[in-house]
Amino acid sequence: MNIVVIGAGLAGLTAAWELHKSGHQCTVLEARDRVGGRTWSARLGNGEVTERGGEYVFPTEYPIRKLAAEVGVPIMSHNVRYARRTVNGRIISFAELSATSDRVRATLAGMVADGETRVSLERAFAEALGPDYRLDPVYRRTTTSAAADPTLVSAEAVLLHESSTAGGYIEDGGRFVGGNQSLSLELARRLGDRVRLEHPVTSLDQSPNGVQLQLSDGTRIDAEAAVISVPLPILCEIELGFALPEVQQLALDHRFMGVAAKLGVPLSLVDDDVALQNPEHTWWSWRSLSIDGESRVNALSSFTGGPFAFEALGVSNGPEGWVRELQRMRPQLKIDGEVLLTDWSVDPWTRGAYSAPSLEWTAEDAGAFSRAAGRVAIAGEHTGLAQSLSGAVASGYRAATALDRALSA
């Protein structure tokens, strides 16, 4: 069958690749002038590769590891203490990490069992850890990764359901050897001229026999089915000529976009701390293992998530404020060239970093996109529980399966 995939990020390319292998004729329409979406690798002036978007691939993230192995894109370790970052000169032990995480989850589970609803991430930590909860490194790491105001984020979704926390902790985050965008680039290479850049879609309708798409330049494309794989704000702007199933619409309504930015810093000298979390705000910096497996890259990567850290660092005004705070946190740092700031909140094709579950989130939302909406399946990190590279890949697998099942029926 002739299927159109809207979006050439990891989710869309995964869906297209799976449908292609099933014998379908797939066309991928991408609004940008590149593939990869929120996976975007760039080279700093000193030659080091930095990630402007998605960064970590963890050992238990099987969907992305399966896909990378299939198409021959190698993964190596960051060799960074992702969940045991240095905070105020201290690194918590594995036992402390486990005990704190278990305590917060148990407290939250008790609150839910008692009938409490709309419990925020902030309140769960406060109830579990007491008045000094904001000083706890587990709180600081969790809220940094949430990339949103923790008073607005569902604790139940993040702490009891998301794969990044519910499955335990293994300290070995990975990255693709050629840059994290390399997986998208390899999928696009295999799909060839079926991937069309600078083709933004504005509307989509469907009938019993097919789907009809309208592009921003007025072009109309007809196909037998479609996958929509664009970030949540862009999905909400595509004019749909049909109603989504109620469970899917509610799941989308129960999510909102967080804000996050990345800073790539070329360096000639820095301290030897590979994972340093700011103790006052939700941002941190790390130094990854080089591909030689022994030394560290000559660059720092830094991530900030959530509106309060954005304001404290002055991200909207450029990188200068962040650089000052980074040098204050790492006084030995000597920068070797231009830093590279990427603010996903102002990117026109994302309008945010990745989605977060709101206080209205329910467990039913997690399975809402396992079925197609007629001849249309929806993919993207906002359709699942993992807001990560692997979460995007998993959603692409899920959308391809849902569409295949619908078309067969």
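These are my notebook entries on packing in this structure, which is a predicted model.

**Entry 1: the main core**

I began with the nonpolar cores. The largest one has 38 residues. I listed the residues with the most contacts inside it: Leu 13, Val 28, Ile 64, Leu 183, Val 195, Val 227 and Leu 403. Next I looked up which elements supply it. β1 (2–6), α1 (10–21), β2 (25–29), α2 (62–71), α8 (182–191), β11 (225–228) and α13 (389–408) each give at least two residues. The most comes from α13, with eight residues.

I then picked out Leu 183. Leaving aside residues up to four places away in sequence, Leu 183 touches Leu 10, Ile 64, Leu 67, Ala 68, Val 71, Val 73 and Phe 176. I also noted a second, separate core, this one of 35 residues. Val 104, Leu 121, Val 138 and Val 274 are among its members.

**Entry 2: helix α2**

Which residues of α2 are buried? I found Ile 64, Leu 67, Ala 68 and Val 71. Seen down the helix axis, the buried residues of α2 fall within an arc of 100°, so they line one face. An α-helix has 3.6 residues a turn, so residues three or four places apart point the same way.

On the other side of α2, I found Tyr 62, Lys 66 and Ala 69 exposed. The buried residues of α2 pack against α1, β5 (75–77), β6 (174–176), α8 and α13. Just after the helix comes Gly 72, with a positive phi of about 75°.

**Entry 3: α4 against α5**

I turned to helix α4 (residues 121–129) and helix α5 (residues 137–146). Their axes are 11 Å apart, and the packing angle is about 175°. Angles over 145 degrees count as roughly antiparallel, and α4 and α5 are therefore roughly antiparallel to each other.

Which residues make the contact? From α4 I noted Leu 121, Glu 122 and Phe 125. From α5 I noted Val 138, Tyr 139, Thr 142, Thr 143 and Ala 146. By class, five of the contact residues are nonpolar, two polar and one charged.

**Entry 4: Val 211**

My last stop was Val 211, in strand β9 (residues 210–215). Is Val 211 buried or exposed? Its relative accessible area is 0%, so Val 211 is buried. I looked up its neighbours, again not counting residues up to four places away in sequence. Val 211 touches several residues, including Leu 204, Ile 221, Ala 225, Arg 375 and Val 376. Val 211 and Ala 225 are 14 residues apart in sequence, with their C-alpha atoms 5.6 Å apart in space.

Terms used: Residues are numbered from 1 along each chain as its sequence is written. This is a predicted model: local features need pLDDT of at least 70, side-chain atom pairs count only at pLDDT 80 or more; totals for chains, interfaces and linings use all residues. Side-chain values use heavy atoms; hydrogens and water are left out. A nonpolar core is a set of buried Ala, Val, Leu, Ile, Met, Phe, Trp, Tyr and Cys residues joined through side-chain atoms within 4.5 Å. Buried means under 20% relative accessible area, exposed over 50%, partly exposed in between (1.4 Å probe, protein chains only). Helices (H or I, at least four residues) and strands (E, at least two) are DSSP runs, numbered from the N terminus. Contact means heavy atoms within 4.5 Å. Axes are lines fitted to C-alpha atoms, for helices over the stretch in contact, and angles run from 0 to 180 degrees between N-to-C directions. Angles under 35 degrees count as roughly parallel, over 145 as roughly antiparallel, 65 to 115 as roughly perpendicular and the rest as oblique. Ala, Val, Leu, Ile, Met, Phe, Trp, Tyr, Cys and Pro count as nonpolar, Asp, Glu, Lys and Arg as charged, and the others, Gly among them, as polar. The arc is that of the directions from the helix axis to the C-beta atoms.
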